[in-house]
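Hello,

Here is the structure I said I would hand over.

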Amino acid sequence: MRRILAILLENEPGSLSRIVGLFSQRAFNIESLTVAPTEDASLSRITIATSGDDRVLEQIVKQVNKLIDVIKITDLTERSHIERELLLIKVLAMNEKSRTEVKRITDIFRGSIVDIGKQIYTVQLTGDAEKLNAFIETMGNETEIIESVRSGCVGIGRGEKALRV
């Protein structure tokens, strides 16, 4: 089962490596990992997307929670949440037909063209993983994809409850 974990921890050197180490010790794959400071510069928030055996993941969550730098950990998949990724993708747009098609597909997926070169368009798109995968597949059928980069999953719980101190 796919899980999204949100971790609030002290912004200290080595904090991230200790958390990632717990996953690697258990041979548990991390599908995506995002980390950034919060509104409080002394704290960071990590979002980890992973999938696998629920029993092993439960052990990892308990061990992560015991780390001294960790303030709080929550499994976002257990409650209503919003998740997003950012995609930047360069596509070939050599002629008027391909340029028009890139613009049309970008508009359908509610993306935006953020850079235009002589033959290359760079598109920015946000959404869940399914939306981004569908965009890549559709764009790949219409033109050549030169390069792409994804941010990885970030998530936040819906409603009043918040991950904070």
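In this model, I19, L22 and F23 of helix α1 meet L57, I60, Q63 and V64 of helix α2, where contact means heavy atoms within 4.5 Å. The residues of this contact divide into six nonpolar, one polar and no charged. Here Ala, Val, Leu, Ile, Met, Phe, Trp, Tyr, Cys and Pro count as nonpolar, Asp, Glu, Lys and Arg as charged, and the others, Gly among them, as polar.

The model is predicted: local features need pLDDT of at least 70, side-chain atom pairs count only at pLDDT 80 or more, and totals for chains, interfaces and linings use all residues. Residues are numbered from 1 along each chain as its sequence is written, and side-chain values use heavy atoms, leaving out hydrogens and water.

Helices (H or I, at least four residues) and strands (E, at least two) are DSSP runs, numbered from the N terminus. The axes of α1 (residues 15-25) and α2 (residues 54-66) come within 10 Å and cross at roughly 155 degrees; axes are lines fitted to C-alpha atoms, for helices over the stretch in contact, and angles run from 0 to 180 degrees between N-to-C directions. That angle makes α1 roughly antiparallel to α2 (over 145 degrees; under 35 is roughly parallel, 65 to 115 roughly perpendicular, the rest oblique).

By the rule of a Lys or Arg side-chain nitrogen within 4 Å of an Asp or Glu carboxyl oxygen, the count comes to 10 salt bridges. One of them joins R3 and D75, with the closest N and O atoms 2.1 Å apart. This pair links distant parts of the chain, R3 in strand β1 (residues 2-10) and D75 in strand β4 (residues 70-75), 72 residues apart.

Regards
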